[in-house]
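This report describes the pockets, a surface patch and a charged pair in one protein model. Please consult the sequence and the structure while reading.

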Amino acid sequence: MYNNFNKMFRNRILLFHLITAAVVVIWGITFVCTKQLLNYFSAFEILVIRFVLAYIFLCFLYPHKIKLTKFENLLLALAGLTGVVLYQFTENLALNYTTASNVSIIVAICPIFCCVDSFSSEVKHRKYRIIFQENLNNF
């Protein structure tokens, strides 16, 4: 039974690695496609087109109506619009000024900085936790 579980676990890991590789390839292709689209459309037009296509695709994936309050809808709309404006529009503008490979490298480095920051803050919290436990043990 353990061997079956181990084999199933390995198959799932392989599946997740393949999905991750597909996402990386598709994400990488979008930089080149967007760079080519900038010859015909403005950065804002590309932003709107991508947003509408993503909305249609998500509606196709989950066609059920989601029950949310007006406030939750407003928060989701603001979060989505902010994310689109901050990421997509600035990416499109950056592609106007440099090559797709430069922009993709800059974007790829961002999660690394987040991991380093997360690790450094975790180390700080661990130090505080140890100091707190030592002080607690002294009583």
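## The second largest pocket

In this predicted model, helix α1 supplies the largest share of the lining of the second largest pocket, namely five residues. The elements that contribute two or more residues to this lining are α1, which spans 2–37, and α2. The pocket has a volume of about 210 Å³.

The residues that line the second largest pocket are Ile26, Thr30, Cys33, Thr34, Leu37, Phe41, Ile46, Ile49 and Arg50. By class, six of them are nonpolar, two are polar and one is charged.

## The largest pocket

The largest pocket has a volume of about 770 Å³. Its lining consists of 22 residues, and those closest to the centre of the pocket are Tyr55, Leu58, Cys59, Ile66 and Leu76. Two elements give two or more residues to this lining: α2 (43–61) and α3 (70–97).

Which element gives the most to the lining of the largest pocket? It is α2, with eight residues. Sorted by class, the lining contains 15 nonpolar, four polar and three charged residues.

## A nonpolar patch on the surface

Nonpolar residues also occur on the surface, where Phe57, Leu58, Phe60, Leu61, Tyr62, Ile66, Leu68 and Leu76 form a patch. Together they have about 900 Å² of accessible area. Helix α2 gives the most to this patch, with four residues.

Phenylalanine 60, a member of the patch, is found in helix α2. Is this residue buried or exposed? Phenylalanine 60 counts as exposed because its relative accessibility is 66%, and the cut-off for exposed is over 50%.

## The salt bridge

Side chains of opposite charge can pair when their charged atoms come close. A search of the whole structure finds one salt bridge. Its partners are glutamate 91 and arginine 50, whose closest N and O atoms are 3.7 Å apart. Because glutamate 91 lies in helix α3 and arginine 50 in helix α2, the pair ties together parts that are 41 residues apart in sequence.

The surroundings of the two partners can also be described. Glutamate 91 has a relative accessibility of 4% and therefore counts as buried, since buried means under 20%. Arginine 50, at 26% relative accessibility, counts as partly exposed. Arginine 50 is also one of the residues that line the second largest pocket.

How values were computed. Residues are numbered from 1 along each chain as its sequence is written. This is a predicted model: local features need pLDDT of at least 70, side-chain atom pairs count only at pLDDT 80 or more; totals for chains, interfaces and linings use all residues. Side-chain values use heavy atoms; hydrogens and water are left out. On a 1 Å grid over the protein atoms alone, a cavity is a set of points where a 1.4 Å probe fits but cannot get out, and a pocket is an open set with protein on both sides within 12 Å along at least five of seven lines; lining residues have an atom within 4 Å of a point. Grid points are joined across faces, edges and corners, and a volume is the space filled by probe spheres set on the points. Ala, Val, Leu, Ile, Met, Phe, Trp, Tyr, Cys and Pro count as nonpolar, Asp, Glu, Lys and Arg as charged, and the others, Gly among them, as polar. Patches are made of residues with over 30% relative accessible area and no salt bridge: like charges are joined within 9 Å, nonpolar side chains (Val, Leu, Ile, Met, Phe, Trp, Tyr) within 5 Å. Accessible areas come from the Shrake-Rupley method with a 1.4 Å probe; for residues, only the protein chains shown count as cover. A salt bridge is a side-chain nitrogen of Lys or Arg within 4 Å of a carboxyl oxygen of Asp or Glu. Buried means under 20% relative accessible area, exposed over 50%, partly exposed in between (1.4 Å probe, protein chains only).
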